[in-house]
Amino acid sequence: MSEARRVVQRGLWFEEFETGVVYEHRPGRTVTEADNVLFTTLTMNTQALHLDAAFSDDLPPFNARLVNSMFTLSTLVGLSVAQLTQGTIVGNLGFSEIAFPKPLFHGDTMYAETEIVEKRESKSRPGEGIVTFAHTARNQHGDVVATATRKTMVRKRPVDEEA
């Protein structure tokens with residue numbers, strides 16, 4: 001009896017990225033009050049809009065605590081990892097064009113998608129390439145709650161890896 005072929009979950013090698021392709025990342029992530037409070041306190045952000053229900057509930061226009069936008073951004077990127085960069089990324093090179101058009105609230109579910117907007121081989125690092133992602137997060141109603149452009153350094157497929 002032959003040994004079964006094994007497949008290890010990973011992100012994509014540089015060669016596998018195609019510009020214009022949009023990846024929908026599932027499952028989504030429902031954000032809890034505990035997520036928001038923990039992230040906010042761990043990052044030393046004392047903003048009452050995230051922590052103080054009495055203050056936030058009385059404050060228009062939302063009259064509710066808002067999910068920390070840095071948690072929203074981190075989760076947006078995190079939702080893409082398994083599908084795009086798990087084990088294949090060298091590192092993030094930078095973020096730009098970050099926006100939060102609508103707030104995220106406790107109990108909202110975030111869904112993410114990523115479009116590959118650009119890729120090129122690294123001029124200084126053989127075996128690696130630069131991929132630019134346009135990330136979008138939507139709540140359960142389809143409202144865009146965050147967008148970000150991210151440049152990453154990604155490994156090329158190893159010579160001994162099958163295509």
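User: How many salt bridges are there by this rule?
Analyst: Nine salt bridges, where a salt bridge is a side-chain nitrogen of Lys or Arg within 4 Å of a carboxyl oxygen of Asp or Glu. This is a predicted model, where local features need pLDDT of at least 70, side-chain atom pairs count only at pLDDT 80 or more, and totals for chains, interfaces and linings use all residues. Residues are numbered from 1 along each chain as its sequence is written, and side-chain values use heavy atoms, with hydrogens and water left out.

User: Which residue does R10 pair with?
Analyst: R10 forms a salt bridge with E16, with 2.8 Å between the closest N and O atoms. Both also belong to a network of salt bridges that includes R157.

User: Is R65 buried or exposed?
Analyst: R65 is buried at 15% relative accessibility. Buried means under 20% relative accessible area, exposed over 50%, and partly exposed in between (1.4 Å probe, protein chains only).

User: What does R65 form a salt bridge with?
Analyst: With E33, at 2.8 Å between the closest N and O atoms. The pair links distant parts of the chain, 32 residues apart: R65 sits in the loop between α3 (53-57) and α4 (69-84), and E33 in helix α1 (residues 33-42). Helices (H or I, at least four residues) and strands (E, at least two) are DSSP runs, numbered from the N terminus.

User: Where are E118 and K151?
Analyst: E118 is in strand β3 (residues 109-121) and K151 in strand β5 (residues 144-155). Their side chains meet in a salt bridge of 3.7 Å, N to O. E118 is partly exposed at 39%, and K151 is partly exposed at 36%.
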